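Please work through the exercises below with the sequence and the model open beside you, and try each task before reading its solution.

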Amino acid sequence: MILTKKEAPVIPQQVELNGNQNCDEYREFLNEEKFSDCSFTTSDKVKVPGHRVILTKRSPGFKKILEKMKAQRRKTKIFENINSETLKAVMSYIYTGNVTLLQNSTSVISVLKASIKFEIEDLKSLCIDTLISQMSPENVLGLLEIADDKDLEKLEAEALKFIMR
């Protein structure tokens with residue numbers, strides 16, 4: 001088995017992440033601008049509506065962001081390092097407890113990084129478990145690098161265990 005650092009992590013199929021949170025009562029508000037009281041602009045210039053009460057209930061990270069926005073009297077926050085696909089996936093998880101990601105690991109890794117930023121522990125755990133289940137000789141070094149960079153002990157331990165096999 002030859003491992004090269006240049007290989008990008010690859011996940012071979014579409015991934016559906018289902019959390020334990022029952023959020024069906026929030027589903028109708030996902031992407032709904034009618035009652036939104038805040039919005040977020042992504043790195044690819046897409047505006048995503050939000051609802052403070054839902055975001056603060058489900059995400060300590062969003063709560064901090066929204067408190068800062070309120071103090072600055074701003075209703076829009078620009079995320080320069082988060083694209084619309086990633087933010088919409090995170091919002092879907094916050095509002096519904098579920099998210100379906102594209103079949104490439106880039107989307108799982110992007111959502112993992114966003115879940116860390118927004119402090120959504122259950123989504124973070126689902127992303128890590130998904131990456132572990134899809135670990136392969138082609139992607140293990142890339143996953144190990146991410147685990148080390150983001151201080152993800154479980155992912156790092158599993159990647160090291162995989163390499164030692």
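The model is predicted, so local features need pLDDT of at least 70 and side-chain atom pairs count only at pLDDT 80 or more, while totals for chains, interfaces and linings use all residues. Residues are numbered from 1 along each chain as its sequence is written, and side-chain values use heavy atoms, with hydrogens and water left out.

**Exercise 1. The overall fold**

Task: Work out how many helices and strands the protein chain has, and in which pattern they follow each other.

Solution: Begin with the elements, which are DSSP runs numbered from the N terminus, a helix being H or I with at least four residues and a strand E with at least two. The protein chain has 7 helices and 5 strands, and along the sequence they give the pattern β-β-β-α-α-β-α-β-α-α-α-α. Next, take burial, where buried means under 20% relative accessible area, exposed over 50%, and partly exposed in between, with a 1.4 Å probe and protein chains only. Of the 165 residues, 44% count as buried. Finally, look at contacts, meaning heavy atoms within 4.5 Å; among contacts with a separation of 6 or more, 68% come from residues 24 or more positions apart.

**Exercise 2. The nonpolar core**

Task: Find which residues have the most contacts inside the largest nonpolar core, and which helix gives the most to this core.

Solution: A nonpolar core is a set of buried Ala, Val, Leu, Ile, Met, Phe, Trp, Tyr and Cys residues joined through side-chain atoms within 4.5 Å. The largest one has 43 residues, and those with the most contacts inside it are Phe40, Leu55, Phe62, Leu87, Val90 and Phe118. Helix H3 (residues 84-96) gives the most to this core, with 7 residues.

**Exercise 3. Salt bridges**

Task: Determine how many salt bridges the whole structure has, and examine the parts that Glu119 and Lys64 link.

Solution: A salt bridge is a side-chain nitrogen of Lys or Arg within 4 Å of a carboxyl oxygen of Asp or Glu, and a search of the whole structure finds 4 of them. One of them joins the side chains of Glu119 and Lys64 at 2.8 Å, N to O. This pair links distant parts of the chain, since Glu119 is in the loop between H4 and H5 and Lys64 is in helix H2 (residues 60-71), 55 residues apart. Another joins Asp129 and Lys154 at 2.6 Å, N to O. Asp129 lies in helix H5 and Lys154 in helix H7 (residues 153-164), so this pair ties together parts that are 25 residues apart in sequence. Asp129 is partly exposed at 35% relative accessibility, and Lys154 is partly exposed at 47%. Lys161 and Glu158 also form a salt bridge, with their closest N and O atoms 3.2 Å apart; both lie in helix H7, 3 residues apart, about one turn of the helix.

**Exercise 4. Positive phi**

Task: Locate Arg73 and decide whether Arg73 is buried or exposed.

Solution: Most residues other than glycine have a negative phi, and most peptide bonds are trans. Arg73 has a positive phi of about 55 degrees although it is not a glycine. Arg73 lies in the loop between H2 and strand E4 (76-78), and is exposed, with a relative accessible area of 78%. Glu119 also has a positive phi, near 55 degrees, and is partly exposed, with a relative accessible area of 28%.
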